[in-house]
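Student: Could we go through this structure together? I would like to discuss helix packing and charged contacts.

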There are 2 protein chains.
Amino acid sequence: MMSDDASALSTAQRLRQEIENDIAAGHLMPGERLDEVSLANRFHVSRTPIREALQQLAMAGMVEIRPRRGAVVASLTPERLYEMFEVMAELEAMCCRLAARRLGPADAVALEKAHRACEAVRQDHDAYYRANEGFHKAIYAASGNDFLAEQARQLQRRLQPYRRLQLRVRNRVQNSFSEHERILAALMAGEGEEAAGIMRPHVQVQGERFSDLIASLKLMGAA
Amino acid sequence: MMSDDASALSTAQRLRQEIENDIAAGHLMPGERLDEVSLANRFHVSRTPIREALQQLAMAGMVEIRPRRGAVVASLTPERLYEMFEVMAELEAMCCRLAARRLGPADAVALEKAHRACEAVRQDHDAYYRANEGFHKAIYAASGNDFLAEQARQLQRRLQPYRRLQLRVRNRVQNSFSEHERILAALMAGEGEEAAGIMRPHVQVQGERFSDLIASLKLMGAA
DNA sequence: CTCATCATTCTTGTATACAAGAAAGTGTCG
DNA sequence: CGACACTTTCTTGTATACAAGAATGATGAG
């Protein structure tokens, strides 16, 4: 039996994923230097594939390469961060609109499951953070537009180091969960615009929440 | 006086741009093989920076790298193409919404200028194609969201090889121009939703236009 | 004549050597 | 004591050598 292993990854791509994970997980902080030799030693490869991985990350916006001066983890200004959240909100709103129209039985089941997973852990910030990610990804998938889903996941990943801080704010988890509930209901009812309208402010970081984000950003020590 | 030359590009980045231009310009066709040695000879460099450029292009979705089997210009299935146009339409609609709210005097001038440039060349398909690009880019810029503008430009670039074929369809230029006119008027009047509503179908490729696209796609010989 | 198997050739993947620019450390002079 | 120039060290950028997998072509059997 042949497994059409389309998921075959080159070494550089695997390395990219590893480093990307470290960035998304907050193990590598914005502004931090990415030394080619250290990375090469760490992964037991030469600098060549490491450099290829760094070039990929640069295109993904996760690192910044200053010619002749090395690569650093990309650090975003508050303005840019705001812009990215604004786009993220719109992409997710779009996912809602499409999902409401195209929702299949399998998608509906996956959505409810993801939602109940959130409910189960809403006392635990960190666990909720992960479950929340699952709920949002279920919506991307339900949009029926694979390209859109990929774009959404990619941007979500890029914002992850910053988003993590968001849920620590008092009552945020509780509010988040009840917003999920309303979104889910709207999707099931086929009310795309309704769902989109709830999703937008759910994702976007405005007003007080933005100030909170900036404050915690300073705590991170990002340049 | 100091010119903060942030535009300093590494060799790999320059090479990426060159190859990307060839793809966008249709000089390199979808499915075409990108031989590392040939490219290295052509640009008078070794394979190393070429490979770095190819990794970047892979992340940008412009080429596909099959491990151990080399890189080819990415060729999109009709489904994926449809999905990408759907997202493009939404991004541009979002630009409209934001631009209508935030439009500054400089943006307004730039928009009108770009529009008149379109008008001046509407007898010439190829010239209109370029002017059209300018009009859309002016809207991206007017959104006031630099990240959004970059995303829009990047996706536009990716769709360029396919979009080129669109305007050849009978009357498409005339229709396009009159849609521009209505979008411009709505933007100037601050009617963001109105502008977005015209932009969406202006960009999205649906119904007959999609069939036309698929037909010309087959002519391209893309796998 | 067609298909399968093996040898050959070509291309990609990786390490390494070397070149050259940036950073850091040292000493001297004001 | 502080600033500046110079030297040394370290890091990145590029080419090249070699290894290994894929494509290609030849040869032989059915």
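Tutor: Let us begin with a definition: a crossing is left-handed if the near helix is turned anticlockwise from the far one by less than a right angle, and right-handed if clockwise. Helices (H or I, at least four residues) and strands (E, at least two) are DSSP runs, numbered from the N terminus. The model is predicted: local features need pLDDT of at least 70, side-chain atom pairs count only at pLDDT 80 or more, and totals for chains, interfaces and linings use all residues. Residues are numbered from 1 along each chain as its sequence is written, chains are lettered from A and ligands numbered from 1 in the order in which they are written, and side-chain values use heavy atoms, with hydrogens and water left out.

Student: In which hand does helix 6 of chain A pass helix 7 of chain A?

Tutor: The crossing of helix 6 of chain A with helix 7 of chain A is right-handed. Axes here are lines fitted to C-alpha atoms, for helices over the stretch in contact, and angles run from 0 to 180 degrees between N-to-C directions. Angles under 35 degrees count as roughly parallel, over 145 as roughly antiparallel, 65 to 115 as roughly perpendicular and the rest as oblique.

Student: And R163(A), buried or exposed?

Tutor: R163(A) counts as buried, at 12% relative accessibility. Buried means under 20% relative accessible area, exposed over 50%, and partly exposed in between (1.4 Å probe, protein chains only). This arginine is found in helix 7 of chain A. Apart from neighbours within four places in sequence, R163(A) is in contact (heavy atoms within 4.5 Å) with F85(A), E92(A), Y129(A), Q156(A) and V203(A).

Student: At what angle do helix 4 and helix 10 of chain A cross?

Tutor: Helix 4 of chain A and helix 10 (residues 207-220) of chain A cross at roughly 130 degrees, and their axes come within 11 Å. That makes helix 4 of chain A oblique to helix 10 of chain A. The crossing of helix 4 of chain A with helix 10 of chain A is right-handed. P78(A), L81(A), Y82(A) and F85(A) of helix 4 meet F210(A), L213(A), I214(A) and L217(A) of helix 10 in chain A.

Student: Changing topic: how many salt bridges are there over all chains?

Tutor: The search of the whole structure finds 34. A salt bridge is a side-chain nitrogen of Lys or Arg within 4 Å of a carboxyl oxygen of Asp or Glu. In one of them, the side chains of R80(A) and E150(B) meet at 2.9 Å, N to O. This pair joins two chains, because R80(A) lies in helix 4 (residues 78-102) of chain A and E150(B) in helix 7 (residues 146-166) of chain B. E150(B) is partly exposed, with a relative accessible area of 35%.

Student: What about R172(A) and E179(A)?

Tutor: Their side chains form a salt bridge at 3.6 Å, N to O. R172(A) is buried at 8% relative accessibility, and E179(A) is buried at 18%. In chain B, E179(B) and R172(B) meet in a salt bridge at 3.6 Å, N to O.

Student: Which residues are linked in a network of salt bridges?

Tutor: The network links E90(A), R97(A), E193(A), R200(A), E90(B), R97(B), E193(B) and R200(B).
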